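Let's take a friendly walk through this model, one part at a time. Have the sequence and the 3D view open as you read.

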Amino acid sequence: MTHGLNRYRVAITAGFGLLLLLLAVMVANLAAQMRSLSLAAGDNTQWSIAQLDTEFANLNAILTEQVAEGGLSRDEVRLRIDIALSRVDIINSGRAAEIFGDNAAAARQIAPINAFAEETVALLDAPGGLSEDDLRRIQEMLRDVRQDVRGIAVLGVRLGAEQSEARRAGFARQLLWTAGVAIALLFLMGILLQLLIRLLDRAAQRDRELLTSSRKLASTVAASLDAIVTADSEGRIIGFNSAAESVFGWRRREIIGQKMEDTIIPNRMRQAHRDGMDRYLKTGEPHVVDSGRFELAALRKSGEEFPVELNITTTDVEGQKSFIAYVRDISERKIDEQKLIDARDRAQTMDKAKTRFLTVMSHEIRTPLNGILGVLDLLKTTSLTTQQERYAKIATASSEILLEYVNEALDITRIEGGALQFSPQDFDLQTLMSSLVDVLEPLAREKQLSLSLHVADGMQMRFHADNNRIRQILTNLIGNAIKFTDRGEVKVAVKGIHGPDVTSVRFSVCDTGAGIVPEDQEHVFEDFVSLAEGVGRQRRGDGLGLSIARRIAREMGGDITLDSEAGVGSTFTLILPLHRCDAQTAEPARVHDQGVSAKPGCAVLVVEDNDINRRVLRDMLEGMGHRVEEAVNGADCLEKAAHAPFDVIFMDISMPVMDGIEATRKLRASGGPNAQSEVVGLTAHGVEEYRAPAKQAGMNRFHTKPIRLNALHALFADLGEVTSSDYDDIGDDDVLGELIDVLGAGKVRDTGDAFFAELQAFADDARDARDRADMTALAETAHKLTGAAALLGLNRLEAVLATCEDQARAHDVAAHAKQLVALVDLADVAQARFVRRLERAMAAAVPD
Amino acid sequence: MARIHHSRTLAGLFCFFLAWALPVMAQDALRLQVADGNGDTVTLDYDQLDALPQSEFTTSTIWTDGAVQFSGVPLKVLLDAVQVEGSAVEMIALNDYLVTLPYDELEEDVPLVATRMNGEYMSVRDKGPFWVVFPYDRHWRYRTETKYAQSIWQLTRLNVVD
């Protein structure tokens, strides 16, 4: 804009300059011409030339008169002649000569005149004066030259007139030129005038626009919700909008002209503000200026400080720097933020409290359960009536259910606390699935449901994962499917997609149950939800199972989804990313004997602060034939252990005065008689939480309470390193342990009981079998029993049953009968041991 | 109204001239007559004119070739010397040519009543004896028609008129 204006200015100035110059030249030229016209040397010259004729005529008259009458003196005559002659000089010199120039006619006529003049002068100047003859002679000559004089006068006038004419024509031309220039000048001035008018119009327009925009700006500033404070380079406030008035409490007229540091900046920040301003003005380096929004404190007129969010920008108007601060009072927001933080903290605290409550409760419940189960175990070793034994069994089963609930609650706290740990191992998917379905099949059969399994071909391979957790999840899903389906079938299918590293395995459990309406589909995964009110309330997995299953699945990187239609059925799908086993290097499961041939007569120290539990444990151990000493806490333990060596020390973890961890550490470090003793940690808390510190402290084993009698037997069996007897049908403890993990001890027992009942029935049937059809039926039954035996880990029984099946199919009645005897014998032994092992496994001993 | 003021010196001169005053003789051609409105006349010869303050300038003219030096008495000085006043002065030549010069146009040294050209007295034949000249080259205002007309030669008489 300025640039454009400058261009106009230059153009206008140049135009005017040019015109003025032209005009000046013209005027000077005209003036010269006018002067030249007014000087008119020619006119006077013409007159002078014309006078020649007059003078000669006068002279002629005088001479004629003189010759005739002689009235004049000689001097008079001479004077007259001289006057006439003086004129001759005129036509020969000066301007007259210029007029005539090279004109031939003029030269012709001038020559006789000059000759006359010469001769006359000669006569006049001749000695002796002027005679009559001289006068006559002059008169004659004068008469002769008169024509030439006349001619030269006329010629002079004509030539002079012509030259004057030429000069006038020149002047006229000059006038025309000047007029032209004047017209051009007018024209140009017109253009310039138009230009000026346009410029003025534009300036006025711009003025209006500027006014409008400044009004808009002013109203924008006034209407802004943010406070806008403007200050000059010295920090003096020059602008303060109405929002600022309400934010800071200052009236506009009060604060204008005051310094920011004296008004709206809190005392503690004033020095920093001054330093910042100085630095900025000196170096121009922005610190807070132009650096976007930031939070700071400001001061109200009432003296209270409040948090603000502000943004400072600068403007540079004609070298005068000013600062514009946009200030937003964020005290409300800060308060809200604080409220939110408080609410979150409260929620977190409550959540922690809940978790802690669950942990503590599980601990607090476990401790008395420990007592109850221990006593019940002891009770069962005494001689009881059948009714008493039944009561003891009910009490034990109920206690076990209670224990499971506690364990589940603990599971939740572990998952939420991130303490859930996985123990991945290699396993065969087909085997896992088959065993699962086999175990659950009796449940389905009870309700006349068909339970089918289909594992896709590509999935019959080994994977590396925590198979116990997978089993736990699937048992829950299949168990629920059976539980909530009254008619039809439950189909279990496994398929998957092999990724580069992992396989996404998809387990689907599809039932033909009542289905779940869409509104409830997500609720089923919540804690303590059971949709089938009043149905099978005593069964496991009603409340927490599904929610735990999903949590575990998610912890494993997978998920459980539900697809259900009311009245048609439900499909629960478990998707898990599983690592494939790269090589078939899976170790054969460790099979070790955990027979009951315990090391007898050990010296045992029981360190336990709870009197009842200590007493129960003592009774159990003494019942097993061990010598037992007691200590009430860690310190007491160290004292007792300092004097006598113990084979085994049962050490409670949580005790007053000195806890078990510390006591163990000291014991190990003491170098005393018990530095190398077997220390078995006991806790009512979860195993996971204390495993690492317990191991670190030097504990050999670690056990959750309640510790059961059979667990104690197993423990001492291990200590005694007594190998298993020849007859141990219970093979892999893991198989049974897993079963118990996933099904619960009660269910496994039920399954086992059902198995042995069937086995009994099979044996009875076999004895009565006579014909071919019987044999075929027997073979079918034997086949089913073989699978069940494998599932329960009764390897010997499985082998005998397989043989029975083969013989039955071969209708080899004799061989079959013989085999039947061995089977019956084996079954009795196996059942007895199964029950024992079940009880022991239920105690969930945790080896290192 | 024009008056002649008689200073003591000029009064004497006046009386002396009066004896030859009229009629105009041939020898009078070399003298200059100055008359006031009342017909009183003073006649001045070369010596008298030379006795007055002199002035000179060099200029070209339209009647001569090249630059010419003129010397003589400025007309204003001359008129002051004879103490005549009026509104104009009529200048008359030997051939009775007459031209009027207003008093207003008189300058201190312009025009000059030249007695000499290039240091020589001028004969009648040579536009003498007295030639009223202007410094034409000095300024264009001296080169006007009027000034040329006022440049009277063979001056013989000055009549001061009211």
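We can start with chain B of this predicted model. Chain B holds 4 helices and 10 strands, and along the sequence they run in the order α-β-β-α-β-β-α-β-β-β-β-β-α-β. The table gathers some overall values for the chain.

| Property of chain B | Value |
|---|---|
| Share of the 162 residues that is buried | 53% |
| Share of contacts (residues at least 6 apart in sequence) that join residues at least 24 apart | 65% |

Now for a helix pair in chain A. Two packed helices are described by the angle between their axes and the distance between the axes. Helix 14 (residues 467–483) of chain A packs against helix 15 (residues 545–555) of chain A at about 145°, with 10 Å between the axes. The crossing of helix 14 and helix 15 of chain A is left-handed. From helix 14 of chain A, the residues in contact include R469(A), I473(A) and L477(A), while those from helix 15 of chain A include L546(A), I548(A) and I552(A). Sorted by class, this contact has 7 nonpolar, 4 polar and 1 charged residues.

Lastly, look at strand 16 (residues 678–683) of chain A. Because 6 of its 6 residues are buried, strand 16 of chain A is largely enclosed by the rest of the structure. In a regular strand the side chains alternate between the two faces of the sheet. Here E678(A), V680(A) and L682(A) point one way, and V679(A), G681(A) and T683(A) point the other way. Strand 15 (residues 648–652) of chain A pairs with strand 16 of chain A in the parallel sense over 5 bridges, and D652(A) has L682(A) as its bridge partner.

Notes:
Residues numbered from 1 in each chain as written. Chains lettered and ligands numbered in written order. Predicted model: local features only at pLDDT ≥ 70, side-chain atom pairs only at ≥ 80, totals over all residues. Heavy atoms only, no water. Axes fitted to C-alpha atoms, helices over the stretch in contact; angles between N-to-C directions. Helix = DSSP H or I, 4+ residues; strand = E, 2+ residues; numbered from the N terminus. Left-handed = near helix turned anticlockwise from the far one by under 90°. Contact = heavy atoms within 4.5 Å. Nonpolar A, V, L, I, M, F, W, Y, C, P; charged D, E, K, R; others polar. Buried < 20%, exposed > 50% of the residue type's maximum accessible area, 1.4 Å probe, protein only. Pairing = 2+ DSSP bridges.
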